[in-house]
Amino acid sequence: MRWSGIFLSLIMVISLLLPLSSGMAIVSFTTSDVIKVFPGDYTYGYLRVQNPSSFDYKLISFRNYWITDSQGNSVDFFNFSLEERNYGGWKSGDTRIVYYNISCEKGVKPGLYTLHLRFLGTTVDGDLQIINLQVRIYVVESPVEFVYAKAYVKERPYSPYALNGETIIVLAQVRNLGHKPIALRESVSFVKAGKVYFSKTTEKTVGAGVNVLTMEIPVGMKWPEGSYLLKYTLAYGNDTYTYAKEFSVRLGVRVVSVSIKSTEVESGDKNVAYATVTSEREGNVEFYVKSTVEDTLVDSYRKVVTVSPGTTVFQLPLPTNVTGNVTVHISASFKGISLGSFVLSYTVKSPPRLLNVTYDRVGKDEVEFRILVLNPNSWTVNGTLQYRVSAGGEVLYKDSIAAVLKPGRNTLKLKLKLPLEERVDYEFVLSAMGHAEKSTGYLYLPKPTPTATSTTSTSTTSSVPSNTTTTQTGGTSHLGLFGVLLVVILLVLAGVYFLTREEPKKKRRQRPKPKRRSPLGRFKRPKPPRFLENKELPKK
């Protein structure tokens, strides 16, 4: 084996020294790699070379090379070499790695050149063959090779859109084909509908080999939502590399819907609005709720709620202490950014109230009841007034009348004949809008006297417009008129009497007689005698 190897080597050396025979078979190897070199510089690397032929080679030796331009003319301003000249055991279909070094003189015109490599191969059958390999050479004007660029959201790298307040990172990889540091001009812009929201230009120095460059775009909190165009540019001399990508910007908080619990409520009941909020971030959402009735402000407040990623439903209380059609304006904001405005409406109903019951005696045995009712709504309400009048344990009247109640105060009138000198109990029940209010009381009608006048009870007055409904039962109109005339005649007679009567004469005032005094005058009781003792004797 040792002698056969020595013999094979001698044959290869002799074959290299001899001129190639025109009768030798020619085979081509292939590679898809490209060599890039900058004028006045050098580079090195490797080629992936494949043996596409059907021959298996014991030994392949590099023989020579030449380089041609794009027109096929041979040029000599390149120097090329392989790290290894001999390659053994190269079978059919195999791919081998071939390392190289190449340099280019200054002033070489940039463009495409072809490197021709010639090898001499010995097959396993002992045949000698010529092997050719062609490699493309690009002489580039700029030593900078733009490898790739990408943009992503710093806080959420896999998100296809950015949220207001986040940061977009632009990452670019470049290769310096030369061996000296070079300065690059890097710029980025963020544009929406022709308006530039961010732009920045800077210079960076890159060394030989692969370099990674980054730039940041801080997305403003108040930038409008929508689609933006990110444009990244890397320039060296007259060469420019550009990367562009569309980015969507979202606030990340949205009020999906606002609804109301009930469109009709009764005064004092609970009513709320429901606000559904979806969020991709944490923060505070502020709601401003303003309620009006006929353009008059009845309630307003602000409410701050905390949102987190997901969907949350918030309740916003609504006023029900008013009556009428309520219009609610709801606006929402996140960090000073409007999330939209919403308008809701609902009706607050309040049942009519029976304020008081008074009566007037309009005849000898006839009484007119006045039932004061307040309708707080802004619309007419239909109801029923039931009454029950009894005396001496017997029901005198029991019936109901329809009550059409206009907005404001309404007075319902009812005339009834009642017994004299007997306690009469009455009860009134007002039914409307599913509610009932009751008022009870009693009265006593004495027999009329010539000087007696009709007894009248009055109710409190109000600035609310009053509407009057009169209902008469138990008597006729001429009896009422007769009673009124009788009262007027009695008042006239009483006035004549007081005007024509003589006033009694005033008596002269007499002076009271003085009291009789005793002729002895005033009597003074004598004092008891006093005796002095020795110790009380006067001193000399």
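## A guided tour from the cavity outward

Select Phe-29, Val-49, Ile-60, Tyr-87, Trp-90, Val-98, Phe-119, Ile-131 and Leu-133, which line the largest cavity. A cavity is a set of points on a 1 Å grid over the protein atoms alone where a 1.4 Å probe fits but cannot get out, and lining residues have an atom within 4 Å of a point. The model is predicted: local features need pLDDT of at least 70, side-chain atom pairs count only at pLDDT 80 or more, and totals for chains, interfaces and linings use all residues. Residues are numbered from 1 along each chain as its sequence is written, and side-chain values use heavy atoms, with hydrogens and water left out.

The volume of the largest cavity is about 50 Å³, where a volume is the space filled by probe spheres set on the points, and grid points are joined across faces, edges and corners. The count comes to one cavity of 30 Å³ or more. Its lining has nine nonpolar, no polar and no charged residues; here Ala, Val, Leu, Ile, Met, Phe, Trp, Tyr, Cys and Pro count as nonpolar, Asp, Glu, Lys and Arg as charged, and the others, Gly among them, as polar. Colour strand 7 (86-90) and strand 10, each of which supplies at least two residues of this lining. Strands (E, at least two residues) and helices (H or I, at least four) are DSSP runs numbered from the N terminus.

**The cores**

Next, select Phe-29, Ile-35, Phe-78, Phe-119 and Ile-137, the residues with the most contacts inside the largest nonpolar core, which has 30 residues. Such a core is a set of buried Ala, Val, Leu, Ile, Met, Phe, Trp, Tyr and Cys residues joined through side-chain atoms within 4.5 Å. Buried means under 20% relative accessible area, exposed over 50%, and partly exposed in between (1.4 Å probe, protein chains only). Strand 10 (residues 128-139) gives the largest share of this core, five residues.

Centre on Ile-35 and show its contacts (heavy atoms within 4.5 Å). Leaving aside neighbours within four places in sequence, these include Thr-43, Leu-47, Phe-80, Tyr-100, Val-135 and Ile-137. A second, separate core of 29 residues includes Leu-251, Val-258, Val-265 and Val-322.

**The second largest pocket**

Move to the second largest pocket, which holds about 330 Å³ of space. Among its 13 lining residues, Lys-36, Thr-43, Tyr-44, Arg-175 and Leu-177 are the closest to its centre. A pocket is an open set of points with protein on both sides within 12 Å along at least five of seven lines. Strand 2 (34-37), strand 3 (42-50), strand 13 (167-176) and strand 16 (209-218) each supply at least two lining residues. By class, the lining has five nonpolar, five polar and three charged residues.

**Single residues**

Select Arg-281, in the loop between strand 21 (271-279) and strand 22 (283-293). Arg-281 counts as buried because its relative accessibility is 15%.

Continue to Lys-303 in strand 23 (residues 296-307), which is partly exposed at 29% relative accessible area. The C-alpha atoms of Lys-303 and Tyr-288 are separated by 6.5 Å. Not counting residues up to four places away, Lys-303 touches Val-285, Glu-286, Phe-287, Gln-315 and Leu-316.

Ser-248 lies in strand 18 (residues 239-250) and is partly exposed at 26%. Its C-alpha is 6.0 Å from that of Tyr-228, 20 residues away along the chain.

Two backbone stops follow. Most residues other than glycine have a negative phi. Asp-295, in the loop between strand 22 and strand 23, has a positive phi of about 65 degrees and is exposed at 77%. Met-433, in the loop between strand 32 (423-432) and strand 33 (435-444), has a positive phi near 55 degrees and is partly exposed at 27%.

**The whole chain**

Finally, zoom out. The protein chain has two helices and 34 strands, and buried residues make up 36% of its 540 residues.
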